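Me: I'd like a close look at one part of this protein. Please pick a stretch and walk me along it, including what lies around it.

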Amino acid sequence: MLGSVAAGLACDRFGRRPAFVVSLVLAVPLGLGVALAVDFVMVLVARLLFGAALAGAFVSLYVARLELCDPPHRLGVTMVAGFFWIAGELLLPGLAVLCRDWRVLQGAVTMILALLAACWWSPALLLESPRWLLATRQLEKARKTLQALAENSGPGSDDSSCHQESLLEELESLSEGSPQPRYHAVCEIFGTRVIWKNGVILGFAAFIGSGIRHCFTRNLAPHLPHFFSSYYVVVGTEAAACLFVCLTAERFGRRAVLLLCTVLTGISSLLLLALTQYLLDLIVLTLSVVGITASHAVTMLSIFFASEVLPTVVRGAGLGLVVGASFVGKAAAPITAIPNSRGFFLHHVVFASFAILAVLSIMLLPESQGRGLPQSLQDGESQRRPPLFHRPPREDHLPLLAPHSIPHDYSHLAASAKRMLGSPAAPP
């Protein structure tokens, strides 16, 4: 939680790329510190900071990747990245068997991170988000980034090339006055109504999806006593949830799929809570697997949904808080492991009740399917809640500087920057 919130704040103040690179570079010595720790306190502190650095790298890369995609490909690219994450979880037990010692395993993971840090240090591999640069009025840097993207996209049609040149010239003319960058703090979210509501609801849903999962995994122990079998079942359900979200959220909308997954999570939890002793073992196992899959889908879709509805100027900090809420849900797991206590029953009752409450609150969310990402706080406040199965018109089917499409892509970004700079309300 500490790393996700800190990296989110750094994303909105210093940029997505610097936050990611710094988090990745910090993870290398901290990982070596865990492997070379000489006592428990050193292991605890180094492990805490190492986890914070990894969480920071996750949040900053998540935001940067999302902002470089156009609406039709945002979900697919994010889910493909999720499959790579799942592949790493599947390979981890095999790596642990090969290493046999936890210090060797920690060192191997740290070496992989060091290799990634050496590769991602090159600016050509990960450019700064042009959305964030334009939203914070860093027009000269935005012009250079857009020019690099246009050069890397290859040759296009004559109309597209002329339009790209005119867009870059317009940005260059706007940046001649040396406008001062304008950054936004996360506390500005508390002064909004729609953005604050969306963030709280999605953070609450992510918290429930992560916290209630342990109520289902506990029921796997009698049927899958071996550690590796239960571990692979949980990871397999995560892969199934990722595939389900990828196939349905783009077709039926983010809000409808999130609502369905939350309903499945709540129903499975309530049935297991009330009828476990009366149900067959096969039914208990089935309900547990369905609940784990649905809870995985709730968590990953809540985080993705939040990244789409939060405006660019505070997307890093807002997403860091939502991811932090999911980590808080995971932190509730030790309650279920307390022997000879009612901790598990109380944990199950509380999270089942929260799931029912989340079903009602999700109805208040807007729909982000096929919509452009909101740039400013005003854009975030203008989002409205459509009917549940109503599909809003798609706004933007184009990449940032599309070389093979109609010539009106993203010129509104330069026009909005010009209006913002010419507005009398804008600070000098």
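Reply: The bend at a residue is the angle between axes fitted to the seven residues ending there and the seven starting there. With that in hand, let's follow helix α4, residues 71–99. Helices here are DSSP runs of H or I, at least four residues, numbered from the N terminus. The model is predicted, with local features needing pLDDT of at least 70, side-chain atom pairs 80 or more, and totals for chains, interfaces and linings using all residues. Numbering runs from 1 along each chain as its sequence is written, and side-chain values use heavy atoms, without hydrogens or water.

Start with the length. α4 holds 29 residues, and its first and last C-alpha atoms lie 42 Å apart, close to the 42 Å expected; that expectation is 1.5 Å times one less than the number of residues. Along the way, α4 bends by about 30° at Leu91, and the proline Pro93 follows within four residues.

Now see which side chains are covered. Pro93 is itself among the buried residues of α4, where buried means under 20% relative accessible area, exposed over 50%, and partly exposed in between, with a 1.4 Å probe and protein chains only.

In α3, which covers residues 40–67, you'll find Val41, and Val41 counts as exposed because its relative accessibility is 57%. In α11, residues 227–252, the 26 residues should span 38 Å at 1.5 Å a residue, and the end C-alpha atoms are 37 Å apart, so the two values agree. α11 has a bend too, of about 25° at Val245, and Val245 is one of its buried residues, along with Ser230, Glu238, Cys242 and others. The cover over the buried residues of α11 includes α4, α12 (254–275) and α13 (281–309). Just past the end of α11, Gly253 has a positive phi of about 100°.

Back at the end of α4, Arg100 comes just after the helix with a positive phi of about 70°, although Arg100 is not a glycine. Most residues other than glycine have a negative phi. Arg100 sits in the loop between α4 and α5 and counts as exposed because its relative accessibility is 75%. Arg137 also has a positive phi, near 65°, in the loop between α6 (130–135) and α7 (139–152). Arg137, however, is buried, because its relative accessible area is 5%.

Definitions and conventions: Helices (H or I, at least four residues) and strands (E, at least two) are DSSP runs, numbered from the N terminus. Contact means heavy atoms within 4.5 Å.
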